[in-house]
Amino acid sequence: MSSGVSQPAVYGSVVEFVENYLSLVYRRKVTDNPRRAWCPEWWNHSEAVARLDALWRRWEHFRSDGKTGLSVWFLDHADPHMRELFDPEGVFTFCSVTGGHSDTLQPLPLKSPQPGLFRDSDR
């Protein structure tokens with residue numbers, strides 16, 4: 001891979017990465033398409049932020065490998081995450097490019113287990 005010397009990041013934030021790279025590379029029909037979802041306000045979705053931030057950080061890591069780096073990034077990172085983000089039943093299920101952002105999805109319902117059921121991790 002690289003020589004071990006850390007290069008400065010190309011993009012200073014996940015926002016810069018999404019706006020100046022990812023949105024230009026992943027061109028898809030996201031308007032009036034029932035098979036693909038997208039929210040123009042992706043930053044309002046914690047899952048989308050986590051996935052896109054991971055993609056940005058991995059892209060910064062793999063971009064310096066001139067042999068297979070970006071191929072690995074696409075196959076192992078970008079394509080699986082983008083499939084999840086574009087999933088019409090996923091994080092953007094109630095959003096649309098024309099209708100905008102919707103905050104309809106609620107966190108997963110939870111019920112806490114009995115104390116002591118799980119071993120606490122060493123902190």
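This is a predicted model: local features need pLDDT of at least 70, side-chain atom pairs count only at pLDDT 80 or more; totals for chains, interfaces and linings use all residues.

Me: What makes residues 69-86 helix H3, and what span is expected of 18 residues?

Reply: Helices are DSSP runs of H or I with at least four residues, numbered from the N terminus. H3 has 18 residues. The expected span is 1.5 Å times one less than the number of residues.

Me: Where does H3 bend, and by how much?

Reply: The bend is about 40° at Ala78, and Pro80 follows within four residues. The angle is taken between axes fitted to the seven residues ending at a residue and the seven starting there.

Me: Which residues of H3 are buried, and what do they pack against?

Reply: Buried means under 20% relative accessible area, exposed over 50%, and partly exposed in between, with a 1.4 Å probe and protein chains only. In H3 the buried residues include Trp73, His77, Ala78 and Phe86. The buried residues of H3 pack against helix H1 (14-25) and helix H2 (46-62); contact means heavy atoms within 4.5 Å.

Me: How many aromatic pairs are there, and why is the pair of Tyr11 and Trp59 called tilted?

Reply: Rings of Phe, Tyr and Trp (its six-membered ring) pair if their centres lie within 6.5 Å; planes under 30 degrees apart count as stacked, over 60 as edge-to-face and the rest as tilted. The count by this rule is 14 aromatic pairs. Tyr11 and Trp59 have ring centres 5.4 Å apart and planes at 50°, so the pair is tilted. This pair joins distant parts of the chain, with Tyr11 in the segment before H1 and Trp59 in helix H2, 48 residues apart. Tyr11 has 13% relative accessibility and therefore counts as buried; Trp59, at 7%, is buried too.

Me: What kind of pair do Trp38 and Phe92 form?

Reply: Trp38 and Phe92 are edge-to-face, with 5.2 Å from centre to centre and 70° between the planes. Trp38 lies in the loop between H1 and H2 and Phe92 in the segment after H3, 54 residues apart.

Me: What makes Arg36 a charge over the ring of Phe86?

Reply: The rule asks for NZ of Lys or CZ of Arg within 6 Å of the ring centre and within 35 degrees of the ring normal. The charged end of Arg36 sits over the ring of Phe86, 5.8 Å from its centre.

Me: How many disulfides are there, and how far is the sulfur of Cys95 from Cys39?

Reply: A disulfide is a pair of cysteine sulfur atoms within 2.5 Å, and the count is zero. Cys39 is in no disulfide, the nearest cysteine sulfur being that of Cys95, 3.5 Å away. Cys39 is buried at 0% relative accessible area, and Cys95 counts as buried at 9%.

Me: Why is His45 called buried?

Reply: The relative accessible area of His45 is 8%, so His45 is buried. His45 is found in the loop between H1 and H2. Leaving aside neighbours within four places in sequence, its contacts include Cys39, Phe92 and Cys95.

Methods. Residues are numbered from 1 along each chain as its sequence is written. Side-chain values use heavy atoms; hydrogens and water are left out. Helices (H or I, at least four residues) and strands (E, at least two) are DSSP runs, numbered from the N terminus.
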